[in-house]
Amino acid sequence: MKILCVDTSGKYIAICVKDGKKAGFEKYVQADRAYNRLIMSIIEEALVMTGLGPTDIDVYAAVLGPGSFTGIRVGMAVMKAMAHACSARFTGFSSLDIMARSAGSCKGRLWAVLEAGRGELYAGLYEKNMIKKKYMLISEDEIASMLKKGDTVSGLSYEGAVRRVAEMRPGLEMREQEKIDMRVFCDMLQEKGTPGKGGIYKMAPIYIRPPEAEVKRKKTKRRI
């Protein structure tokens, strides 16, 4: 199974092409919010370097979020469009799930965290590689009350969220990651099995916090 997957949920535009167990191409480029300007040239480079055409890809995939609202929309739109045009399949995983998997085995509970701004975090709580609490938008005070000695906290090193959480309670283990690991993403896709073509229409972004436009629209409706 040939997979082309992208991540546009954070600081990097990342891409990986994998054919079976062989990783044919992997690249990380700082996005600087220019997701829509950079993504197609990176995909073209990946296909040229691997000698594949768009129709050779069996599964197109994207990180579904949470993360950059604009980035997630760009990545998913491009992958869904390519999957549709090439009669291929589309699927994806949460950035939190990928980080939890990248952190490796833990004796106890594992928190995957991402910066959400406004003193809040996106978080997932995992135990034995299974999510225990579904993705949360949680304040730093709330997560501090839920932490237990022996928990592991995983997240992106450039955000600093892991270090802040680790300072909340003694005895926590930190496992920072430089970026979302695209090879781990590909491995998870292969383990999941071949998705149906309905993923193009069914797979939705994971925002957790609603977009500002939606919040303003609801406030306006209430006033009316």
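# Contacts, helices and loops of the chain

Me: Among contacts in the chain between residues at least 6 apart in sequence, what percentage join residues at least 24 apart?

Reply: The model is a predicted one, in which local features need pLDDT of at least 70 and side-chain atom pairs count only at pLDDT 80 or more, whereas totals for chains, interfaces and linings use all residues. Residues are numbered from 1 along each chain as its sequence is written, and side-chain values use heavy atoms, with hydrogens and water left out. A contact means heavy atoms within 4.5 Å. When the contacts between residues at least 6 apart in sequence are taken, the part that joins residues at least 24 apart is 61%.

Me: What percentage of the 224 residues of the chain count as buried?

Reply: A residue is buried under 20% relative accessible area, exposed over 50% and partly exposed in between, with a 1.4 Å probe and protein chains only. Under these cut-offs the buried part of the 224 residues is 47%.

Me: Which residues of α3 are buried?

Reply: Helix α3 spans residues 95-102 and is mostly covered, with six of its eight residues buried. Its N-terminal end is capped by Ser-94, which has a side-chain oxygen 3.0 Å from the backbone nitrogen of Leu-96, and the helix is followed by Gly-104, with a positive phi near 85°. The buried residues are Ser-95, Leu-96, Asp-97, Ile-98, Met-99 and Ala-100.

Me: Which residue has the backbone oxygen that the side chain of Ser-95 reaches?

Reply: Ser-95 lies in helix α3 and counts as buried because its relative accessible area is 0%. Beyond its neighbours within four places in sequence, Ser-95 is in contact with Ser-9, Val-63, Gly-65, Pro-66, Leu-114 and Ile-180. A polar contact is a pair of N or O atoms within 3.5 Å; within protein, one must be able to donate a hydrogen and the other to accept it, and residues adjacent in sequence count only if both atoms are side-chain atoms. At 2.9 Å, the side chain of Ser-95 reaches the backbone oxygen of Pro-66.

Me: Is the peptide bond from Gly-65 to Pro-66 cis or trans?

Reply: Pro-66 is placed in the loop between β4 (59-63) and α2 (69-85). Most peptide bonds are trans. From Gly-65 to Pro-66, however, omega is near 5°, and the bond is cis.

Me: Which residues does Tyr-207 touch, not counting those up to four places away in sequence?

Reply: Tyr-207 sits in the loop between α7 (199-202) and α8 (212-223). Its C-alpha atom is 9.8 Å from that of Tyr-135, 72 residues away along the chain. The residues that Tyr-207 touches are Pro-66, Phe-69, Ile-72, Arg-73 and Tyr-122.

Me: Which residue caps the N-terminal end of α6?

Reply: In α6 (residues 182-192), the buried residues are Met-182, Val-184, Phe-185, Cys-186, Met-188 and Leu-189, and Gly-193, with a positive phi near 95°, follows the helix. The backbone nitrogen of Arg-183 lies 3.0 Å from a side-chain oxygen of the cap, Asp-181.

Me: Is Arg-33 buried or exposed?

Reply: Arg-33 belongs to the loop between β3 (22-30) and α1 (35-50), and its phi is positive, near 65°, although the residue is not glycine. Because its relative accessibility is 76%, Arg-33 counts as exposed.

Terms used
Helix = DSSP H or I, 4+ residues; strand = E, 2+ residues; numbered from the N terminus.
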